[in-house]
Each structure stands twice: as C-alpha cells, then as structure tokens.
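Visitor: Please show me the model. I would like to go through the terms used for it, one by one.

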Amino acid sequence: MTAELQTIFTIGVYGSSEESFFGALVDNEIELFIDIRARRGMRGSKYSYANSTALQEKLKELEIYYAHLKELAPTKEIRALQWQADKEENTRKRDRTELSPAYVRAYNKEILKFGKRREDRILDPAKVLEMAKAAAGFPEGRPLQRYVLFCVEQNADACHRSLVAARFRDKMGGSVKHLKVV
C-alpha cells in the first residue's frame, strides 16, 4: 500500500446480477477480493455466481486475486444474537437495515477483539491484509492498492463487513465505500 489514504471497499451479492456484481469490481479496479463468509455457498441458482468455485473462476478470469478469511466470519453464537433480535423485531434477514447492538458487541469482542485487551491481542488490519495476500497468492512486493471485503447482505449496515471495514479505516486511515450493485 502507498502512503496515501486508501479506500476500503465492501460488496454484497443480494440484489445484484452477475453482470452488475462483477462489473462493480472491474469498474472499481479491485485487485484483491476478500471473502469473509463462514459458508461460501449460495442457495438456489439466482446467485450461483457467488458460490465459491464459480466465484473464484470468474475472479481469476478478471485477474482479481481471491482470499477466504473465515476468521472474520461471525460464529454461530454471534449470528444467533442477530437471529434473536430479528425475531423480536419481526424482521426478515433481507429486510434488516442494521445490526443489533448485541451482535455488534459480540462481534467486536470475539472477532475484532475490541475491549479491555492488550494492544497486541486486538485485530490488526495490516496483518489481516498480509494474511489475505498470502492466501490469495498475491505477488510478493507488489503494493496492494484496491481490495474489497465480501459477504452476502445487500445493505452493508446489516452485515459484519461494515464492522470489519470500520475497523480497517479506524486503524489504517482512509475511507469506506460500500459498493451498491443492482
């Protein structure tokens, strides 16, 4: 990465078409695609292009490196907190506009490692990016300029990728751009 402030991109798949999804990546000159889903499969044929194998094949064709960082996915217990909040508010998953406070607290504590911890135990975005580059086979010595954090929800505020992106921005500077694809 250069010394200039970067833009941290995020993208979801719901509400997109195959063309709009991959078009957004190309239009924004994404070099590294970081998949932060727990499970890398999609139900049904509508979003089959986001299933791991098809996704990786298309990204390779577009010369975009791919890394799966399951470490950034919420645990089943953390997801259960959101399911409970959705149930209490009578909200369907795809209609959710934000994450519940309980989910955010748990995700920050368990995954991003916020809280009363030694600084060396808090998630370090620079180390995470190095891990992603290594997992993707990103060329050593090549500066990473543009990457995207990926999960399924259309609305970034209803997805853990917004929490990861905010953590990256807060630690490394720059800005966050949630790609909206339809």
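Guide: Start with Arg 92, which counts as exposed at 58% relative accessibility.

Visitor: Why is Arg 92 called exposed?

Guide: The cut-offs decide: buried is under 20% relative accessible area, exposed over 50%, partly exposed in between (1.4 Å probe, protein chains only). Arg 92 has 58%, so it counts as exposed. A word on the source: this is a predicted model, where local features need pLDDT of at least 70, side-chain atom pairs count only at pLDDT 80 or more, and totals for chains, interfaces and linings use all residues. Residues are numbered from 1 along each chain as its sequence is written, and side-chain values use heavy atoms, with hydrogens and water left out.

Visitor: What makes Arg 92 and Asp 95 a salt bridge?

Guide: The term asks for a side-chain nitrogen of Lys or Arg within 4 Å of a carboxyl oxygen of Asp or Glu. Here the closest N and O atoms are 3.5 Å apart. Asp 95 has a relative accessible area of 47%, so it is partly exposed.

Visitor: How many salt bridges does this rule give?

Guide: The count is eight. Among them is Asp 35 with Arg 37, at 2.8 Å from N to O. Both Asp 35 and Arg 37 are buried.

Visitor: Which parts of the chain does the pair Glu 153 and Lys 93 link?

Guide: Glu 153 and Lys 93 form a salt bridge at 3.6 Å, N to O. Glu 153 lies in the loop between β4 (147-150) and α6, Lys 93 in the loop between α3 (76-88) and α4. They are 60 residues apart. Glu 153 is at 11% relative accessibility, so it counts as buried. Lys 93, at 41%, is therefore partly exposed.

Visitor: Why are α4 and α6 called oblique?

Guide: Helix α4 (residues 101-110) and helix α6 (residues 160-172) pack at about 50°, with axes 11 Å apart. Under 35 degrees is roughly parallel, over 145 roughly antiparallel, 65 to 115 roughly perpendicular, and the rest oblique. The two helices are therefore oblique to each other. Their crossing is right-handed.

Visitor: Which residues make the contact?

Guide: Tyr 103, Val 104 and Tyr 107 of α4 meet His 160, Leu 163 and Val 164 of α6. Contact means heavy atoms within 4.5 Å.

Visitor: Is Thr 10 buried or exposed?

Guide: Thr 10 has a relative accessible area of 0%, so it is buried. It is found in strand β1 (residues 7-11). Leaving aside neighbours within four places in sequence, its contacts include Val 148, Arg 161 and His 178.

Conventions:
Axes are lines fitted to C-alpha atoms, for helices over the stretch in contact, and angles run from 0 to 180 degrees between N-to-C directions. Helices (H or I, at least four residues) and strands (E, at least two) are DSSP runs, numbered from the N terminus. A crossing is left-handed if the near helix is turned anticlockwise from the far one by less than a right angle, and right-handed if clockwise.
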